[in-house]
Amino acid sequence: MDFHRVEYPKLVPAAFKALYTASTAVHEGVLEPALVELVFLRVSQLNGCAYCMDMHGTALRKAGIEPRKLDTLAGWRDSRFFDARERAALAWAEALTTLPSGAPADATYEALKAHFDDAGIATLTMAAALIQAWNRLGVGLQPELP
C-alpha cells in the first residue's frame, strides 16, 4: 500500500491493528461475508472512498457476486437484484452513514428485525461503524489504489 499523505499504519500501529482486528471479527461473525462486503461497498460509495470501493468491489467479484448486482448497488432500492434481507441491511447501513440527518427511523430498525436477530443487528451496526472509520482514513489520507 503506497500512501499519498501519511503512512498511518506505521504511525499509529496499535490503532491500525485494533481496527483491522475489529474488521476481521465482523467478517468472521454471524453475517454471511457477501452481505458484509455489500454493506462495506455501499457505505464506501456514499463516503466517496475509492480505495475501499476498489477493495470491496474486488472481493465481491472474487466471491462470484453477479456483476449486474454490483453495477446497481447504488440504486439498490430500485434494483431487482437485492432481496428483502439485503435491502433491510443496506437501508440500515445508509441510515447510520447519514447520521447528521438524525437517528435512523424506527421503521428502518423494525425492518431489520424481520431478517436479523440481535447478534445480526449488532454485527451489521458494527460493520457500518468500522467501514466508516476505514473510509475516513482512505478519503482523508489517500492511500494509492493497489
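**From an aromatic cluster to the charged pairs**

Author: Tyr 8, Phe 16 and Trp 134 come together as one aromatic cluster. Please bear in mind throughout that the model is predicted.

Trp 134, at 14%, counts as buried because its value is under 20%.

Helix 8 also holds Thr 123. Thr 123 is buried, with 14% relative accessibility. Setting aside neighbours within four places in sequence, Thr 123 is in contact with Val 26, Val 30 and Leu 31. Gln 142 follows in the segment after helix 8. Although Gln 142 is not a glycine, its phi is positive, at about 50°. Its relative accessible area of 29% makes Gln 142 partly exposed.

Let us turn to the charged residues. The structure holds 6 salt bridges. In one of them, Arg 42 is paired with Glu 94, and the closest N and O atoms are 2.6 Å apart. This pair links distant parts of the chain, with Arg 42 in helix 3 (residues 33–47) and Glu 94 in helix 6, 52 residues apart. Arg 42 is buried at a relative accessible area of 10%, and Glu 94 is likewise buried at 10%.

Glu 86 forms another salt bridge, with Lys 69, and here the closest N and O atoms are 2.6 Å apart. Glu 86 in helix 6 and Lys 69 in helix 5 are 17 residues apart, and their pairing links distant parts of the chain. Glu 86 is buried at 13% relative accessibility, and Lys 69 is buried at 12%. Beyond its neighbours within four places in sequence, Lys 69 has contacts with Leu 38, Phe 81, Phe 82 and Glu 86.

The C-alpha atom of Lys 69 is 8.5 Å from that of Arg 80, a residue 11 places away along the chain. Arg 80 sits in the loop between helix 5 (67–71) and helix 6 (84–97). With a relative accessible area of 62%, Arg 80 is exposed. Arg 80 touches Arg 68 and Arg 87, when residues up to four places away in sequence are not counted.

A further salt bridge joins the side chains of Glu 110 and Lys 113, at 3.6 Å from N to O. Both residues lie in helix 7 (residues 106–113), 3 residues apart, which is about one turn of the helix. Glu 110 is partly exposed at 43%, and Lys 113 is partly exposed at 46%. As for shared partners, salt bridges join Arg 42, Arg 77 and Glu 94 into one network.

Finally, consider the surface. Val 6, Leu 11 and Val 12 make a nonpolar surface patch of about 260 Å². Val 6 is found in the segment before helix 1 (8–11), and its relative accessibility of 36% places Val 6 among the partly exposed residues.

Key. Residues are numbered from 1 along each chain as its sequence is written. This is a predicted model: local features need pLDDT of at least 70, side-chain atom pairs count only at pLDDT 80 or more; totals for chains, interfaces and linings use all residues. Side-chain values use heavy atoms; hydrogens and water are left out. Buried means under 20% relative accessible area, exposed over 50%, partly exposed in between (1.4 Å probe, protein chains only). Rings of Phe, Tyr and Trp (its six-membered ring) pair if their centres lie within 6.5 Å; planes under 30 degrees apart count as stacked, over 60 as edge-to-face and the rest as tilted. Helices (H or I, at least four residues) and strands (E, at least two) are DSSP runs, numbered from the N terminus. Contact means heavy atoms within 4.5 Å. Patches are made of residues with over 30% relative accessible area and no salt bridge: like charges are joined within 9 Å, nonpolar side chains (Val, Leu, Ile, Met, Phe, Trp, Tyr) within 5 Å. Accessible areas come from the Shrake-Rupley method with a 1.4 Å probe; for residues, only the protein chains shown count as cover. A salt bridge is a side-chain nitrogen of Lys or Arg within 4 Å of a carboxyl oxygen of Asp or Glu.
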